[in-house]
Amino acid sequence: MTINLNQPIKPNLDKLTQYLAQVNESGWYTNFGPLHQQLTKRLEVYLGVENLLLVSNGTLALQIAYKALNVKSALTTPFSFVATASSLIWQNIETSFSDIDKQTYNLCPQKAQQALDANLDIDTIVATHVYGNPCDVEKFDDLAGKNKINIIYDAAHAFGVNIGDKSVLSFGDASTLSFHATKVFHTVEGGAIVFKHKADFERAKRLINFGIDEKGNITEAGINAKLNEYQCAVGLTILDDVEAIIEHRSNLFSAYREGLKCIVEMPKWHDGANFNGAYMPINLKSIEERVLVESTLKNNEIQCRQYFSPSLDMVFKEQKVLSSNNSQELSQTILCLPLHFYMVIDDIDLIVKLICESLGSFK
Ligand SMILES: *Cc1c(COP(=O)(O)O)cnc(C)c1O
């Protein structure tokens, strides 16, 4: 039987139907309705944050965050899902890439500082917590203060991740989440932005509703990026189980890391952070090794994916590149292994065994 790379959480239909019946009862299908309010509150409590704004997907979460913070010129990572950079370019924001750290695979703060020194007009850093592994948020905090710039985190992979007792979403001026069906927590399509400042949250809330404020006045040009009540119903249904989902995923992730630690490289995790088991990345020593592992898994009906590849500076060639060597190298040898809630430890043991056997025979 095939082991899929990913498998979306299937919401409990009895529970979901009860929520949908409430929507029919109230007749309120979208525009910040009762389920929207419930989901907002429950997510704020669960994640330990304030100023959380639900939006219709993770890409619009990024775009609205850029608008709300008046981003004109951004420095970002070439090693992320395409939306991190394409959302900037789509909005005609001047976009520069600087390289990742070789060990964490996240945007490197030292290289970012060098990039800022050479480009005085950059007003914002957009960094991704890649695979749910927090960036060096302390260093980026320093950097933001020193250079008087904004930090926006693409936290699409980092649902439920804390550093010590603090949510990873509480760092930076804004953090964005994706609730796409393939993510740890989902609303089929959806997302959220967590703002540090209430005023930014208030402005973003108007921006996602055509620029209309609570009194009905149009304050500026906006867009429609609201999450509807049906999607909130899915979110409320799944949220009941999300703690168990994250616990199971992080157990699978730990089993992988233990089984593979001697044979492949894996990202160095932030010291104070918990695992959410969002992805299972391994970095092979060469392209040949990566190809070998890919074909071994394929022969056993096990999916895997070169994620992220290519390095985004190779896609958006018209943008400025200050450095990207680590990202370019990593994108050739990275592989993500199957990891989802419906897997069991035996699946992990099988995949670890196949990888160890194939690499063991490779000299
Ligand atoms: C999934 C993802 C997005 C996009 O989110 P959507 O909800 O699919 O629009 C953006 N950035 C990263 C890092 C992602 O993984």
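Predicted model: local features only at pLDDT ≥ 70, side-chain atom pairs only at ≥ 80, totals over all residues.
Residues are numbered from 1 along each chain as its sequence is written, and side-chain values use heavy atoms, with hydrogens and water left out.

Now zoom out. The protein splits into domain 1 (13-239) and domain 2 (242-360), with bounds from an automatic or database domain assignment. Their centres, taken over C-alpha atoms, sit 25 Å apart. Domain 1 puts 47 residues into the contact and domain 2 puts in 39, contact being heavy atoms within 4.5 Å. Two salt bridges are counted between the domains.

On to the lysine that UniProt lists, in an unreviewed entry, as "modified residue: N6-(pyridoxal phosphate)lysine": Lys 183. UniProt positions follow the numbering used here, feature names are shortened, and annotations may be inferred rather than shown by experiment. You'll find Lys 183 in the loop between strand S8 (174-178) and strand S9 (191-195); strands are DSSP E runs of at least two residues, helices H or I runs of at least four, numbered from the N terminus. Lys 183 is buried, at 14% relative accessible area (buried is under 20%, exposed over 50%, partly exposed in between, with a 1.4 Å probe and protein chains only). Beyond neighbours within four places in sequence, Lys 183 touches Ala 156, Ser 178 and Tyr 279.

Conventions: Salt bridge = Lys/Arg side-chain N within 4 Å of Asp/Glu carboxyl O.
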